[in-house]
Amino acid sequence: MALKLKFRIVAFLLSVICYLLSVISIYRSDGTIEHIQYTSGKCNSIDSVTLSSWLIKDGQLTITVTASNGQNPLPTDIIVTDKIVTIGDKSFVFISSAGCKVRRMRSNTCLLTVI
């Protein structure tokens, strides 16, 4: 399954635990993502910026961290695979590797995400 995602979408990079997170992820058609994580739900102060690659295959989204910096950077080469439930023009629902059902909404603004 090949998808062209060229928009900002509220997202959470590491599906390791379920919690609140404020982040904007920009998925690009060249298979790269820029994740901007904020320190609060107001999205006025950046905590960290993470660059990753993405691939959708066999109903799963695989994300690999390639670079990260900021107050709480992620280690590089982390690989996260999430099972896609539905994907559409306005939202994307998946089951994280921790078993959490996550809904990512298309948005041009930062939103607080409950994971």
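Me: Which side chains meet in a salt bridge?

Reply: A salt bridge is a side-chain nitrogen of Lys or Arg within 4 Å of a carboxyl oxygen of Asp or Glu. Here the side chains of Arg-28 and Glu-34 form one, at 3.2 Å from N to O. A search of the whole structure finds one salt bridge. This is a predicted model, in which local features need pLDDT of at least 70 and side-chain atom pairs count only at pLDDT 80 or more, while totals for chains, interfaces and linings use all residues. Residues are numbered from 1 along each chain as its sequence is written, and side-chain values use heavy atoms, with hydrogens and water left out.

Me: Is Arg-28 buried, exposed or partly exposed?

Reply: Buried means under 20% relative accessible area, exposed means over 50%, and partly exposed is in between (1.4 Å probe, protein chains only). Arg-28 has a relative accessible area of 32%, so Arg-28 is partly exposed. Of the 115 residues in the protein chain, 43% are buried.

Me: How many helices and strands are there in the protein chain?

Reply: Helices (H or I, at least four residues) and strands (E, at least two) are DSSP runs, numbered from the N terminus. The protein chain has zero helices and nine strands.

Me: How many aromatic pairs does a search of the whole structure find?

Reply: Rings of Phe, Tyr and Trp (its six-membered ring) pair if their centres lie within 6.5 Å; planes under 30 degrees apart count as stacked, over 60 as edge-to-face and the rest as tilted. The search finds two aromatic pairs. In one of them, Tyr-27 and Trp-54, the ring centres are 6.0 Å apart and the planes are at 65°, so this pair is edge-to-face. Tyr-27 belongs to strand E2 (residues 20-27) and Trp-54 to strand E4 (residues 46-57), so the pair ties together parts that are 27 residues apart in sequence. Both Tyr-27 and Trp-54 are buried.

Me: Which residues is Ser-48 in contact with, leaving aside its neighbours within four places in sequence?

Reply: Contact means heavy atoms within 4.5 Å. For Ser-48, the residues are His-35, Ile-36, Gln-37, Asn-69, Gly-70 and Asn-72. Ser-48 is in strand E4, and its 3% relative accessibility makes it buried.

Me: What joins the side chains of Ser-48 and Asp-47?

Reply: A polar contact is a pair of N or O atoms within 3.5 Å; within protein, one must be able to donate a hydrogen and the other to accept it, and residues adjacent in sequence count only if both atoms are side-chain atoms. The side chains of Ser-48 and Asp-47 have such a contact, at 3.3 Å.

Me: What is phi of Asp-58 near?

Reply: Most residues other than glycine have a negative phi. Phi of Asp-58 is near 55°, a positive value. Asp-58 is in the loop between E4 and strand E5 (60-70), and at 69% relative accessibility Asp-58 is exposed. Asp-77 also has a positive phi, of about 70°. Asp-77 lies in the loop between E5 and E6, and its 61% relative accessibility counts as exposed.
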